[in-house]
Amino acid sequence: MESYIGLGSNLGDPETQLTSALAALNGIPDTDLVRCSSFYRSKPLGPGDQPDFINAVVLLDSGLTANALLARLQSIENRQGRVRGGIQWGPRTLDLDMLLYGAEVIDEPGLIVPHPEMRHRNFVLIPLLELAPDIEIPGLGRADKFLADTGRAGITKL
C-alpha cells in the first residue's frame, strides 16, 4: 500500500535525525522507501521558545497493515529518543506521522488517516506536493487546493 509519512524534528541535530529516520524507514520489513521530498525548515506550531523544525515527506510502499506500519513508525521514534506526554506541539527529536494510507479513510483509537491536521499545515503540504503534485486527500479533495489556503509563508527549502 502506498503510504505517505511526514517527518519532523527540531532537537538533536534535526537533519541528522531525519537522515537516520530515512535509514530506519528503509529497513521496515515488507516495506520499500520509494521517494523522499526535500528537507524544509519551518517555524514551530507550539511554544515559540523552541528551535525551528526540519520537515520532509516520504512515500513508502508497504505490505503492512496501517496499524502494523504505525507501530513500526512509533518504534523508530522511540529509538531516536522521542518522549511522549510532553507539551503538545513541543520540541521533539523525531515525529513520524502517517499522513495517507492509500485511499483509505481510517478512524480508530490511536490512528486517524488521512492525518486530521495535514490540510492546515504547509510544512506537510509543500513536501507532499513535491512528491505527488496531483494527490488527493481521501474524502477532502486535492492537496494543492489546501496549500492555496495555507500559503507558503514560513517554509524554506534546504
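## Charges and ground rules

How far apart are the mean positions of the 14 positive and 20 negative charges of the protein? They sit 4 Å apart. For this count, Lys and Arg are positive and Asp and Glu negative, with His and the chain ends not counted; the place of a charge is NZ of Lys, CZ of Arg, CG of Asp or CD of Glu.

A word on what you're looking at: this is a predicted model, where local features need pLDDT of at least 70 and side-chain atom pairs count only at pLDDT 80 or more, while totals for chains, interfaces and linings use all residues. Residues are numbered from 1 along each chain as its sequence is written, and side-chain values use heavy atoms, with hydrogens and water left out.

## Overall build

The protein has four helices and 10 strands, and along the sequence they come in the pattern β-α-β-β-β-α-β-β-β-α-β-β-α-β. Helices here are DSSP runs of H or I with at least four residues, strands are runs of E with at least two, and both are numbered from the N terminus. With a radius of gyration of 14 Å, close to the 15 Å that the globule rule gives for 158 residues, the protein is as compact as a globular protein of that length. That radius is taken over C-alpha atoms, and the rule is 2.2 Å times the number of residues to the power 0.38. The C-alpha atoms fill a box of roughly 40 × 35 × 30 Å along the principal axes.

Of the 158 residues, 48% are buried (buried is under 20% relative accessible area, exposed over 50%, partly exposed in between, with a 1.4 Å probe and protein chains only). Among contacts with a separation of 6 or more, 65% are between residues 24 or more positions apart; a contact means heavy atoms within 4.5 Å. The accessible surface comes to about 7,700 Å², and 51% of that belongs to carbon and sulfur atoms (areas by the Shrake-Rupley method with a 1.4 Å probe).

Helix 4 covers residues 143-150, and Ala143, Phe146 and Leu147 are buried in it. These residues span an arc of only 105 degrees around the axis, so they lie on the same side of helix 4; the arc is that of the directions from the helix axis to the C-beta atoms. Their cover includes helix 3 (122-131), strand 8 (136-137) and strand 9 (141-142).

Just after the helix, glycine 151 takes a positive phi of about 80 degrees.

## Strand 10

Isoleucine 155 belongs to strand 10 (residues 155-157) and counts as buried, at 17% relative accessibility. Beyond its neighbours within four places in sequence, isoleucine 155 is in contact with Tyr40, Arg41, Ser42, Asn122, Phe123 and Ile126. Glutamate 104 is another matter: its C-alpha atom is 29 Å from that of isoleucine 155.

Most residues other than glycine have a negative phi, and most peptide bonds are trans. Aspartate 13, in the loop between strand 1 (2-9) and helix 1 (14-26), has a positive phi of about 60 degrees. It is partly exposed, at 47% relative accessibility. Aspartate 30 also has a positive phi, near 60 degrees. This residue is in the loop between helix 1 and strand 2 (31-36) and counts as exposed at 56%.

Then there's the peptide bond from valine 113 to proline 114, which is cis, with omega near 0 degrees. Proline 114 sits in the loop between strand 7 (111-113) and helix 3.
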